[in-house]
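Please open the structure in a viewer and keep the sequence at hand.

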Amino acid sequence: MSLTQIAIDTLAKNDRGGFTIPTAGLYPYQWNWDSAFIALGIATYDMDRAWAEVTSLLEGQWPDGMIPSIIFRSDDPDYFPGPSRWGKTPGPIPSTGVSQPPVLTTAVMQLTGTGSNRDTARRAEVFDQLFAYHKWFHDNRTAKGIVATVHPWETGRDNCPEWNIGLDLMQVAPDLAPYTRMDNKHVDASFRPTQEQYDKYLTIIQFGQSVGWDQRRLTEEGPFLMADPNIHFILLRADKDLLAMARDLGKSADVVAAIEGWIAKGEAASDFLWSEELGAFTARDIRTGAFSKGFSNCSPLCFYADTGTPEQRARILENLQRIASKVDYMLPSWDPDADEFEPQRYWCGPVWPQMNFMVAQGLAETGEDTLAQLIRDDLCRAIEKSGFWECFNPLTGEGCVGKNFSWTAAVWLSWQH
Ligand code: 2M8
C-alpha cells in the first residue's frame, strides 16, 4: 500500500466523528494545533471533512475567546490529566485551561484558497471567532508588551529545554494532589518528560484552578511566565493572515485597526526574543529576562512570520547550516550542540513534522528554497524509513513516542498533493 493511502487510513482511524485525535491511547481527545494541521491534510481529499475539523475545534471556544489546548468530549481513563483534574472551566465543553500555538487562522487561510476561487463564505463563517481568539492572546496573555505563556503545554513544546529556566524558578506545590501518570503506560518513559517536570506542570494547573481559571490572573500571578518564539511567531503570522481576511471580507475600520495594532506590537516584540550570543530567537523568562540556552526548531519561524532584520535572518541561516552538518535528519527540536540535547526525548531533540512544515513554508516563502527543500525531504525520508510516528530521532530517523500519528500523516498528504 502506498504511504499516501496509509496516511489517509491513519487519519480515518483517528477520526472520532467530526474531529480527529492525534493517536489512539496516548492522546484520545481533540487537540488545538493538531487539528489545524490535520485539517490541511484532510483537505487534500475531503474539503468538507477538513472544514469540520476547524468548526469542531471552534465549538470548544470559551466566552472570553480562548480556544483551549484540549477539548474533552469524554472522560477517557487512558489520559491524565483529563477533565476532572483541570476542574470546572468556563467553556461550553469541558477542556484544559490553557491554549496552544494559534496556527488555526493560517490554516483557515490556506483551506479557503486564493484568487477568485477563494471561499469567502467559509472565511466569513469563522472570522469573528478567530478575531476573538487573537484578541484573547493580546488582552489576556500579554506581559511586558509580548505574548506570553503560562504553561509549557501551552507552547506545544512540552519538555523543550527552553522551559527549564522558568521551571527552575518554580516550586512544586507542597499540597499537590496525588496523581498517576498515564503517558508512561502507553510509551517508553525515556521518550517522555521527567517526573519533576510533570509535578510542575500539575502545580500550574492547581494554581489555575485556584483562581477559577481567570486568565489575566493566571498570566500575572501564575508560577510560570515565559515568552515563546513558537507562539510569538505563529501568532504574528496568524495576525497577518487575519488582517488579509478582514480586508477581504470588508470588515470595519475598527476591526482592521485592531489587527494592525497587534501586528505592530508583534513586530516590535520580536527583538525581545533575540539572543545576540546565540544568533537566535529563543524563549525568555519574562520576569527575570533570562534567555534560554539553545537554538530550537521554532527559532527559524521568523521566516514564517516574515519578521526579523536581515542580520538576524542571516545568523539563523548560519545556525541552520551548522545544525544540518550535525544531524542526518533536519530539523531537531533542540540544538545538538547544546546541553540537554537528547535525540529521543520528546521536545529535547526529535524532529517534529508540523514544525518542519511551518519552517519549510516560511523559508520557501522568503526565497530560501534549498533549505526549505532539505527540511521537507528529511522529514519525508524519516517517514519512508519508519512510518507515521509522532516525531523522529534526528540522528537515525527512527520513530519516537506515538505511532499512527495524525499530524505526521497530514503533513505527508499536504506535501504530496
Ligand atoms: C503533546 O502534548 C500533550 C499535552 O498537551 C502531552 O504531552 O500530553 C505535545 O507534543 C503537543 O504539542 C501536542 O499538541 C499534543 C498532542 O499531539 O501532544
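## A first stop: Trp213

Select Trp213, which counts as buried because 24 C-beta neighbours lie inside 10 Å. A residue is called buried if 20 or more other C-beta atoms lie within 10 Å of its own, exposed if 12 or fewer, and partly exposed in between, with C-beta atoms placed from the backbone. Trp213 lies in the loop between α10 (195–210) and α11 (215–221). Helices (H or I, at least four residues) and strands (E, at least two) are DSSP runs, numbered from the N terminus. The phi of Trp213 is near 55 degrees, a positive value in a residue other than glycine. Most residues other than glycine have a negative phi, and most peptide bonds are trans.

Residues are numbered from 1 along each chain as its sequence is written. The model is predicted: local features need pLDDT of at least 70, side-chain atom pairs count only at pLDDT 80 or more, and totals for chains, interfaces and linings use all residues.

## The whole protein

Along its principal axes, the C-alpha trace spans about 60 × 50 × 45 Å. Of the 417 residues, 55% are buried.

Contacts are counted between two residues whose C-beta atoms, placed from the backbone, lie within 7 Å. Among contacts with a separation of 6 or more, 70% are between residues 24 or more positions apart.

Colouring by confidence uses pLDDT, the predictor's confidence in each residue, from 0 to 100. The mean pLDDT of the protein is 97, and 100% of its residues reach 70 or more. For the complex, the predictor gives an ipTM of 0.99 and a pTM of 0.98.

## Around the ligand

Next, select the ligand. Which residues are around the ligand? They are Pro22, Tyr27, Trp31, Trp33, Asp34, Ser69, Trp153, Gly156, Asp158 and Asp183; a residue is near a molecule if its C-beta atom, placed from the backbone, lies within 6 Å of it. This shell divides into five nonpolar, two polar and three charged residues. Here Ala, Val, Leu, Ile, Met, Phe, Trp, Tyr, Cys and Pro count as nonpolar, Asp, Glu, Lys and Arg as charged, and the others, Gly among them, as polar.

Return to α10. Its end C-alpha atoms are 22 Å apart, which agrees with the 22 Å that its 16 residues should span at 1.5 Å a residue; the expected span is 1.5 Å times one less than the number of residues. Buried residues in α10 include Tyr198, Lys200, Phe207 and Gly208. What covers the buried residues of this helix includes α4, α8 (164–168) and α11. Just after α10, Gly212 takes a positive phi of about 60 degrees.

In helix α11, select Glu220. Glu220 counts as partly exposed because it has 14 C-beta neighbours inside 10 Å. Glu220 and Ala143 are 77 residues apart in sequence, and their C-alpha atoms are 7.6 Å apart in space.

## Helix α5

Select residues 104–111. In this helix, α5, seven of the eight residues are buried, including Leu104, Val108 and Leu111. The buried residues of α5 pack against α2 (32–42), α3 (47–58), α6 (120–140) and α12 (229–248). After α5 comes Gly113, whose phi is positive, near 75 degrees.

## Backbone details in loops

Where is Pro81 found? Pro81 lies in the loop between β2 (70–71) and α4 (83–86), and the peptide bond from Phe80 to Pro81 is cis, with omega near 0 degrees. A cis peptide bond also joins Met330 and Leu331, with omega about 5 degrees. Leu331 is placed in the loop between α15 (310–324) and α16 (353–365).

Select Val401 in the loop between β10 (399–400) and α18 (406–416). Its phi is near 65 degrees, a positive value in a residue other than glycine. Val401 is buried, with 22 other C-beta atoms within 10 Å.

## Last stop: Ser2

Finally, select Ser2, in the segment before α1 (3–13). Ser2 counts as exposed because it has 8 C-beta neighbours inside 10 Å. Ser2 and Gly261 are 259 residues apart along the chain, and their C-alpha atoms are separated by 47 Å.
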